[in-house]
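Here is a friendly walk through the packing of one protein model. Have a look at the structure first, and then read on.

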Amino acid sequence: MLLDCLRKVKDTRGKQAQQYDQGTVLFLSVLAVLCGATSYRKIHIFIKQKFEILKEKLQLKWRQAPAYTTIRDIIQGVDAKSLEEQYRIYMNGLESQFGQRTMLKKFAAGDGKVLRHSYDNMADQKAKQIFSIFDTDLDIIFAHEEIDEKTNEIPVFQMLVAELGLTDFIFTLDALHCQKKL
């Protein structure tokens with residue numbers, strides 16, 4: 001199911017650059033990271049080491065594993081909005097697979113994080129911040145959303161709750177959310 005969702009992510013590459021399927025490379029990258037890969041080269045090594053098994057199981061017609069530069073270009077060039085959209089579709093499908101919950105209350109956590117090394121002092125660019133909502137019972141992340149520089153996580157949280165329809169949840173949040181208006 002994850003592979004199907006990743007294959008639906010909008011591919012922004014030109015025709016000549018599409019020797020390797022973007023969705024499949026993203027899927028293999030996820031597998032590599034789950035197995036401990038921490039760089040493009042390590043993702044490449046994982047794919048290269050497991051290439052024959054992956055080729056058979058995924059019915060790939062590739063002659064060889066993609067180079068680490070190809071993996072890097074695909075990951076860096078991915079359409080973030082399309083990826084998030086497909087991620088949310090995947091999470092909705094995953095949640096529905098678990099069926100109805102037996103508990104009366106559902107719990108979720110929301111938190112904003114600063115992305116490491118996302119700042120650029122030379123270009124006067126502040127570090128990027130992202131807000132995530134996590135289902136504490138199922139151990140899955142519902143969604144991520146970038147926090148705009150001119151705001152904080154409160155409007156992002158409210159927008160995600162409305163967008164995802166999480167009205168029956170009890171949330172744990174930072175003290176920032178303890179305001180009379182909320």
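## Ser-29 and its neighbours

Leaving aside residues up to four places away in sequence, Ser-29 touches Ile-43, Ile-71 and Ile-75, where contact means heavy atoms within 4.5 Å. Ser-29 sits in helix α2, residues 22-34; helices here are DSSP runs of H or I with at least four residues, numbered from the N terminus. With a relative accessible area of 5%, Ser-29 is buried (under 20% relative accessible area, using a 1.4 Å probe and protein chains only).

The model is predicted, so local features need pLDDT of at least 70 and side-chain atom pairs count only at pLDDT 80 or more, while totals for chains, interfaces and linings use all residues. Residues are numbered from 1 along each chain as its sequence is written, and side-chain values use heavy atoms, without hydrogens or water.

## Gln-22, also in α2

Gln-22 belongs to helix α2 too, and is buried at a relative accessible area of 3%. Beyond residues up to four places away in sequence, Gln-22 touches Val-9, Lys-10, Asp-11, Thr-12, Arg-13, Ile-74 and Val-78.

## The nonpolar cores

A nonpolar core is a set of buried Ala, Val, Leu, Ile, Met, Phe, Trp, Tyr and Cys residues joined through side-chain atoms within 4.5 Å. The largest one has 22 residues, and Val-25, Phe-27, Leu-28, Ile-43, Ile-47, Leu-58 and Trp-62 have the most contacts inside it. At least two residues of this core come from each of α1 (2-7), α2, α3 (40-49), α4 (51-58) and α5 (68-77). Helix α2 gives the most, with five residues.

Leu-28 touches Phe-46, Ile-47, Leu-54, Leu-58 and Trp-62, not counting residues up to four places away in sequence. A second, separate core has twelve residues, including Ala-108, Phe-131, Val-156 and Leu-166.

Methods. Buried < 20%, exposed > 50% of the residue type's maximum accessible area, 1.4 Å probe, protein only.
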